[in-house]
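Hi,

Here is the structure I promised to pass on.

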Amino acid sequence: MDLAENLAAVRRQIDQACDCAGRDPAEVQLLAVSKGHPANAIAELVRAGQLDFGESKVQEAKAKIPLCPSSARWEMIGHLQTNKARDAVHLFPVIQSVDSLRLAEELNKQADKAAKTIRILLEINVVGESSKFGYSPSAVLADLQSLNQLRRLEIHGLMTIAPWSQDPERARPVFRKLAELRKQCEDALGAPLPVLSMGMSGDLGPAIQEGSTQVRVGTSLFGRRTYAKFGQQPDVAGELE
Ligand SMILES: *Cc1c(COP(=O)(O)O)cnc(C)c1O
């Protein structure tokens, strides 16, 4: 599989969606979701000009990031347990999956110890799917002021994963609600939230039309995720056995 070609195809998809929406493609960042894919595939995309990557498991990222080109930039997009906060703060300058005040407080504490500032997104479970993590819209509004007081965390925006469907149009109302919630949060904070992270391989068109500033794309770039044959750990380097 030619990853540079996949990257060009995804960029064309983004350009087309921006065209439809009358938006500038420079407003939509592409985050390459590399979970389940080895360091050599990541290096291939870096050579093709893609520098922003998302990972969803701390353990996998910890093993893989040191094997990747140092120009790659990393964002945490998967559910985070408080006992992984310390590692997460060391690995990721951006954490998109903040879904409770308790987690945010722990990240703040660990960031303080590491003398770092972490950019965060608040993950929102827009339709209240029980299988997904994330704040409900009302819960995030209730926690917003407390979250904003954590000095080592900068709230940059909101993230959501739309319910899976064959039909990308089904995701559109979810994206629209997230964009509305962003406005409410901006009003409550009296400050802009520049990032709306929404849209994946299957639904990036409607997401961009509804105002996404970052799409998170795995499958369309890397192909289907394949984990190592034995055990649960992927072969992070991607070396042939
Ligand atoms: C896996 C994942 C993606 C990418 O999904 P694809 O359908 O492979 O593009 C995006 N966002 C999150 C949070 C993910 O876990």
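Before the details, one term: a strand here is a DSSP run of type E with at least two residues, and strands are numbered from the N terminus. Keep in mind too that this is a predicted model.

Let's start with E55, which lies in strand 2, residues 52–55. Is E55 buried or exposed? Its relative accessibility is 0%, so E55 counts as buried, because the buried label goes to anything under 20%. What does the side chain of E55 do in there? It makes a polar contact with the side chain of S34, at 2.7 Å. If you skip the neighbours within four places in sequence, the residues in contact with E55 include S34, K35, I42, W74, I77 and F92.

Two of those names come back when you look at the ligand: K35 and I77 are among the residues around it.

- K35 has a polar side-chain atom 2.6 Å from an oxygen atom of the ligand.
- S201 has an N or O atom in its side chain that is 2.5 Å from a ligand oxygen.
- G218 takes part through its backbone, with a polar atom 2.8 Å from an oxygen atom of the ligand.

How much of the ligand does the protein bury? On its own the ligand exposes 390 Å², and the protein buries 88% of that.

Now for two loops. D24 lies in the one between helix 1 (3–21) and strand 1 (29–33). With 42% relative accessibility, D24 counts as partly exposed, because that label covers values between 20% and 50%. A polar atom of the D24 side chain lies 2.9 Å from the backbone nitrogen of A26.

At 57% relative accessibility A115 counts as exposed, because the cut-off for exposed is over 50%. Check its backbone as well: phi of A115 is near 55 degrees, a positive value in a residue other than glycine.

Happy exploring!

Notes: Residues numbered from 1 in each chain as written. Predicted model: local features only at pLDDT ≥ 70, side-chain atom pairs only at ≥ 80, totals over all residues. Heavy atoms only, no water. Helix = DSSP H or I, 4+ residues; strand = E, 2+ residues; numbered from the N terminus. Buried < 20%, exposed > 50% of the residue type's maximum accessible area, 1.4 Å probe, protein only. Polar contact = N/O pair within 3.5 Å; in protein donor to acceptor, adjacent residues only side chain to side chain. Contact = heavy atoms within 4.5 Å. Near = heavy atom within 4 Å. Areas by Shrake-Rupley, 256 points an atom, 1.4 Å probe, with all protein chains shown as cover.
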